[in-house]
Amino acid sequence: MNRREFGLLSATWLAAGLPTGLRADETCQSPYMPKITGHEEFVYVWTLGVEGMGDGQDKLVTVDVRPNSPTKGTVINSVSVGGRNEAHHGGFSADRRYFWAGGLDTNRIFIFDVHSDPSQPRLHKTIETFVEDSGGVVGPHTFFALPGRMLITGLSNSDDHGGRTALVEYNDDGDYLATYWMPTADDMRGAVAVDGAVADGYGYDIRALIRKNIMLTSSFTGWSNYMMDFGQMLQDPEAMQRFGNTIVQWDLHTRQPRKVFNVPGAPLEIRFPWGSNANYAFSSTALTSQLWLIYEDDAGEWQAKAVADIGNPADIPLPVDISIAADDQTLWVNSFMDGKTRLFDVSDPHNPKQVYEKVIGPQVNMVSQSWDGQRVYFTSSLLANWDKKGEDNAQYLKAYSWDGNELVEDFEIDFNALNLGRAHIMRFGSAALYA
Amino acid sequence: MKRAALVLTIIATMAAIPFAVSREAEAPITASGLSKHFEVGDDFQYEPPEPGTYDLVAVKSAPTGQVLDTSGAQRDLGTLLNGKISLVSFVYLTCGDINGCPLAMSTLFDIYETSLMIPGLGEDVQLVTISFDPERDTVDAINSFMLPFASDAEKDQKFDWHVLTTEGQKKLAPILEGFGQVVDRGSPDGQINHLLRMYLVDRDGAIRNIYGLGQIDPRLLMGDVETLLLSEQSS
Amino acid sequence: MRDNFLREGSEADQSVFLGLPTIEHPDDNPPSLAKLELGRKLFLDRRLSANGTMACATCHLPEQAFVNREMQTAVGVEGRSGRRNSPTLLNSAYLTTLFHDGREISLETQFIAPLLARNEMANPSIGYVIENLRSFEDYDGLFETAFGGSASIEKMGQALAVFQRSLVAGNSPFDQWYFGGNDDAVSNSVKNGFELFSGAAGCSNCHSLHQTHAMFTDNRFHNIGYGWMREQDRHKGERTVNVQVAPGVHYEVSSSVIESVGEGRQADLGRYEVTQNPKHLWQFRTPSLRNVGATAPYMHDGGLSTLADVIDFYDKGGARHALLSPWVRPLHLTAEDKDNLEAFLNSLTSENLDCLEVYARSGLIDGNRPQVAPSLGTTREP
C-alpha cells in the first residue's frame with residue numbers, strides 16, 4: 001500500500017464520521033469534530049435569561065431525549081451563569097469535550113464541561129476579557145472548532161458598536177491567540193471584491209471546507225442594531241443601512257481573506273454539504289429572504305448567486321437558521337416572522353425547490369436535525385429585543401419526527417412556563433462520545 | 001495481530017515510496033522547497049499557501065516529561081524537542097483504524113523519505129512519535145517496529161525520527177494533557193478511541209500548529225516548517 | 001490645519017476659537033491637565049455602565065462628531081430604548097442648559113443622569129460607581145493627582161466637565177468669512193443662505209448670533225410643532241413603513257408587523273416634563289447649529305435624516321397646532337433658497353473634528369501629549 005491508497009481510505013472514512021465506533025448527529029458542526037451518528041441523548045439549549053422570570057439569568061439547559069428514558073422530553077439540568085449576556089450561539093471544542101457559549105452583549109464566553117457527565121454539564125471556565133484580548137472585538141458569535149483551537153466570529157467592535165469586526169482565535173485552554181479583522185473597502189487585507197461587492201467588514205457565521213482549504217464568513221450587523229428594539233430599528237432608516245451585504249472567502253490555513261462576494265441583505269448561517277465531491281455552501285439572507293449558493297465553478301473559481309426565494313421576500317419572513325441533511329439532499333430553512341420551517345430539495349444545489357412547509361409557532365429561530373434526519377428540533381428565540389411581544393412571544397424547544405413527508409410533534413417544552421427564558425441555540429450530547 | 005498489520009503497512013509503504021522519491025530530481029539546497037516535493041493527494045484539493053506568506057501563532061508551550069526511546073533509555077521530552085523544529089504525533093502500534101495512526105505514520109514516512117532530497121535539513125527538523133499505549137507498546141515493541149529504519153543505509157541523511165514510549169500511564173498522562181491529545185480507552189475490542197492530531201513544535205518548545213484529519217498533508221506540514229525557518233531568518 | 005487646540009498662546013490655537021465666545025470655567029473647577037486626562041479616561045470607560053458594555057463614548061462617538069449617526073434614538077444597557085437622539089458634546093462648554101429638555105444646568109452634574117438612567121448606563125447607584133472606580137487599579141492615584149483626594153461623585157463630574165469643555169470647535173468656513181474677514185472662505189451660496197437665515201427666514205431669531213461670536217442658539221425652549229407632530233404620529237392607526245432591506249431594495253412594511261416585534265415609541269412632552277407647565281408642552285432647547293452638517297440625524301428624536309428634511313419641515317411652517325411658536329410660519333422658500341440654506345449650514349463644520357477625534361481616543365494632539373491646560377479663554381487663572 002502506498003500513501004495515495006492511504007489517502008483514498010481516509011476519505012472514505014471521513015465521509016462515514018469519526019472516530020469509528022461512534023455513530024451520530026446534528027449536521028451543522030465543525031468537520032473536525034466527532035459526530036453522533038446514532039441517537040442523540042441530550043439537547044443542550046443556550047437560553048437567555050429574562051428580567052423578572054425565575055433567576056433572570058442566562059443558562060445552559062439540558063433536555064433528555066434518550067428514547068427509553070423516564071425523563072425523556074424534560075429538563076434534567078440547568079446551569080445559570082450570572083447576568084443577562086445576550087446568550088446566543090455556541091459550539092463544541094474539536095474534541096467535543098467542552099461547549100463554548102457566547103454572550104453578544106457582555107462579551108463573556110462560558111466554557112462548559114460536557115464530557116465529565118454529559119447529562120450534567122458544568123461551568124468550567126469563563127473568559128471575561130474577550131474585548132481586551134482581541135483589541136476591541138465585540139459580540140462573540142459563532143464558535144468554530146479547529147484542532148486544539150477555537151475560531152470565534154465577532155459581530156461588532158467596542159469603538160462604535162457598529163458592524164466592523166474580526167475573527168478571534170483562542171486555544172482550547174481559553175488563552176487568546178490572534179485577531180483577524182474582516183476586510184473593508186478601505187483595507188482589503190489582500191482580498192479582492194467581486195461582482196461590485198463593497199467589503200463592509202461585518203461578521204456573523206463561519207464554516208470551512210477542509211478539503212479545499214476554504215473558509216467562508218457571512219455578515220450581520222453591529223451591537224447597536226442587534227441590541228436595539230426590533231420594531232424601533234425597522235423604523236430607523238439610519239439603522240437599517242447598517243447590515244452586512246457580503247460573504248468573504250478565506251484561506252483556512254493562513255486565515256487570510258481572498259474574495260469578497262456581494263450577498264445583499266444580511267447573509268447569516270453558512271452550511272457546507274458533507275459529500276466528498278460537493279464544492280459549494282448554502283447561506284440565507286435574513287432581510288432579502290433568499291437562499292444563496294457559494295460554489296466552485298467549472299474553472300475552479302468560487303462564485304456566489306441567489307438560487308431561491310424563501311417565502312415572499314416582500315413580506316420579510318426573515319429567514320434565520322438552516323440545517324442541511326447528512327446526505328446533502330434537503331435543507332431545513334426557518335423564518336422568524338411567520339414562524340415557519342420550510343424544507344427545500346437541494347439535490348440540484350443550483351435549483352433548490354421547496355417541498356414542504358409547516359408553522360412551528362408564532363416565532364421560530366433555530367433548527368437542528370439528527371444525523372439520520374429522522375428527528376428535527378426547533379427553538380424560538382432570535383434576540384432578546386427582536387423576539388415578538390405579548391402572546392406571540394412563545395419560548396420553546398419542540399421535537400419532531402420526520403418521516404420524509406410530515407413533521408410529527410414528539411414533545412414540547414415551554415420555556416416560559418418553566419421560568420427558564422428564551423430558548424436559543426441547540427447542540428446535541430451523548431455519553432457514547434466519551435466511552 | 002493488529003500490530004502485525006501496522007508493521008506490515010509501514011514496510012509496504014517503505015517499499016512503495018522510494019520509487020516515487022528519487023534523488024535524481026535535484027532539489028534546491030535551501031530549506032525552502034521541501035514542501036514542493038510531494039505528490040498531491042486526492043484529499044487535498046488546493047494549492048498550499050506559499051511558505052513564509054503567513055504567520056504561525058504560538059498556540060501554547062509543548063509539555064515536557066519522561067519518555068523512553070527504542071533502546072530503553074530515559075529521555076527528557078523537553079530536551080529532545082529543544083533546538084529543532086519537530087513534527088510530533090501520537091499513535092499506538094496495534095491501531096486497527098486505518099484512518100488513524102497508519103495515516104499519520106504513512107505521511108511521516110513520506111516526509112522522512114523525502115527529507116533525503118534536502119541534505120542538511122535534518123539539522124533543523126525532526127520527527128517525534130509517541131505511543132499512547134505504553135502497556136502494549138513496550139520498548140521492545142517500538143524497537144522491533146523501528147528495525148527496518150535502523151538498517152536504512154541513508155538514514156544519516158534523513159530526518160531523525162524518534163519513536164518513543166513511556167513507562168506507563170502516569171508518565172504519559174501529563175504529556176497527552178499538555179499537548180491536548182484526547183484518548184479514550186474502554187473500548188471492549190482493545191481499540192483506543194482518539195482524534196488524529198499532529199503538532200508542529202518550534203525550537204523553543206512552542207506549539208505553532210495543530211493538524212487534524214484532512215490536514216495531514218505533507219505539503220502543508222513541510223510548508224509550515226519552511227515558514228518557521230523563514231521567520232527565523234527574517235527575525 | 002490640525003490645530004493644537006489645547007496649547008495656549010500660539011496663533012494656531014487662537015484660530016480654533018474663531019467665532020466662539022470666551023469659555024467660562026467655574027471658580028471651583030479650574031481646568032488642569034490631570035483633570036483633563038482623567039475626564040477623557042472616564043469618558044471612554046465601558047466599565048462605568050451596569051454590565052460593562054457602554055461608555056459615554058458609546059453614544060457620543062468621537063469618530064461621529066460626538067453623536068451616533070447610526071441610529072435615531074439612543075440604545076442603552078441591554079438594548080433598552082432611549083427616546084431621544086444623542087446630542088453632540090462639541091462646544092457643550094458654551095451651553096447654559098443641558099439635555100434636549102434643559103433639565104440640567106452644569107456639566108459638573110449632568111453626567112449623573114445617564115449613569116443612572118435605566119435605559120442608559122443603568123448603574124444601581126452613584127455609590128456603586130464610585131466604589132468601582134476606587135477598586136480599578138488603572139485609576140490608582142489619578143483622582144489624587146488631579147484633586148488631592150480619592151474618587152467621589154463631585155470629582156468625577158469635575159473631571160468629565162473639564163474634558164467636555166476641551167471639545168471646542170469653531171473656525172468653520174463661515175467663521176473665517178464672517179468673523180475672520182476672508183471673503184473667499186465660503187461660496188456665494190453660503191452667503192446667500194446666511195442672508196436668508198438671518199433675515200427673511202427668521203432662523204436666527206432662535207439660532208442667534210452676536211457681533212463677535214455665534215453659537216446659533218438662544219439657549220431657550222421653543223415649540224416648533226415637531227414634538228407635537230411626532231406625538232400625533234404615534235397614535236395613527238394601521239399604516240406602512242418604508243424599510244430598506246439591502247442597498248436599493250425597499251419594502252413597505254405594515255405597522256402591525258412592526259408592532260409585533262417592537263415595544264412602541266414612548267411619549268415625549270419635552271420641556272413640560274421638567275417644569276410641568278402646560279405652556280411648555282413639546283418645547284425643546286434650541287440646539288447650536290455648529291457642526292450640524294456632521295451630526296445627523298436631526299431633531300430631538302433623530303426623526304429627520306438630512307438637513308434638507310429639516311429645511312422642508314420649517315418651510316412648511318412646522319406642524320400647526322395651538323402651542324406652535326409664533327416664530328415658526330410657512331416660508332415659501334424656492335429650491336435655490338433651500339440649497340443656499342443647506343450650504344450655509346454645512347459651512348458651520350469646523351476643521352478640527354478629526355483632531356478632536358484622535359485626541360478623545362488617544363489623548364494625543366499631533367502625536368504629543370498636551371503640555372498646557374485647556375485654559376485658553378478662561379476668565380480666571382487656574
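Helices (H or I, at least four residues) and strands (E, at least two) are taken here as DSSP runs, numbered from the N terminus. This is a predicted model, in which local features need pLDDT of at least 70, side-chain atom pairs count only at pLDDT 80 or more, and totals for chains, interfaces and linings use all residues. Residues are numbered from 1 along each chain as its sequence is written, while chains are lettered from A and ligands numbered from 1 in the order in which they are written.

**Chain C overall**

Let's start with chain C, which has 16 helices and 4 strands. Its radius of gyration is 21 Å, close to the 21 Å that the globule rule gives for 382 residues, so chain C is as compact as a globular protein of that length. (That radius is taken over C-alpha atoms, and the rule is 2.2 Å times the number of residues to the power 0.38.) The C-alpha trace of chain C spans about 60 × 55 × 45 Å along its principal axes.

Burial comes next: a residue is buried if 20 or more other C-beta atoms lie within 10 Å of its own, exposed if 12 or fewer, and partly exposed in between, with C-beta atoms placed from the backbone. By that count, 48% of the 382 residues of chain C are buried. As for contacts, two residues make one if their C-beta atoms, placed from the backbone, lie within 7 Å. Of the contacts in chain C with a separation of 6 or more, 67% are between residues 24 or more positions apart.

In chain C, helix α10 (residues 188-198) has C:Val190, C:Gly193, C:Phe194, C:Leu196 and C:Phe197 buried. These residues cover an arc of only 160° around the axis, which puts them on the same side of α10(C). The arc is that of the directions from the helix axis to the C-beta atoms. Their packing partners are α9 (173-178) and α15 (335-346) of chain C.

Over in chain B, helix α6 (residues 169-179) buries B:Leu172, B:Ile175 and B:Phe179. Here the arc is only 65° around the axis, which puts them on the same side of α6(B). B:Lys170 and B:Glu177 sit exposed on the other side of α6(B). The buried residues of α6(B) pack against α2 (77-81), β5 (125-131) and β9 (198-201) of chain B. Just after α6(B) comes B:Gly180, with a positive phi of about 85°.

| Residue | Phi | Loop |
|---|---|---|
| C:Phe99 | about 70° | between α3 (56-59) and α4 (107-110) of chain C |

A:Arg96 counts as buried, with 29 C-beta neighbours inside 10 Å. C:Phe99 is partly exposed, with 19 other C-beta atoms within 10 Å. There's also a cis peptide bond joining C:Ala296 and C:Pro297, with omega at about -5°. C:Pro297 is in the loop between β4 (284-285) and α14 (307-315) of chain C.

**Domains of chain A**

Chain A is divided into domain 1 (34-317 + 410-434) and domain 2 (318-409), with bounds that come from an automatic or database domain assignment. Their C-alpha centres lie 17 Å apart. The contact takes 50 residues from domain 1 of chain A and 41 residues from domain 2 of chain A. On the domain 1 side, β31(A) gives the largest share, 6 residues. The residues of that side divide into 32 nonpolar, 8 polar and 10 charged. For those classes, Ala, Val, Leu, Ile, Met, Phe, Trp, Tyr, Cys and Pro count as nonpolar, Asp, Glu, Lys and Arg as charged, and the others, Gly among them, as polar.

**Where A meets C**

Between chains, 37 residues of chain A are in contact with 33 residues of chain C. Helices α4 (230-234) and α5 (237-240) of chain A each supply at least two residues of the chain A side. That side divides into 13 nonpolar, 14 polar and 10 charged residues.

**Nonpolar cores**

A nonpolar core is a set of buried Ala, Val, Leu, Ile, Met, Phe, Trp, Tyr and Cys residues joined through C-beta atoms within 7 Å. The largest has 142 residues, and those with the most contacts inside it are A:Val43, A:Val45, A:Ile294 and A:Leu397. β1(A) gives the most to this core, with 6 residues. Apart from that core lies another, of 84 residues, including C:Ala65, C:Leu107, C:Phe111 and C:Val186.
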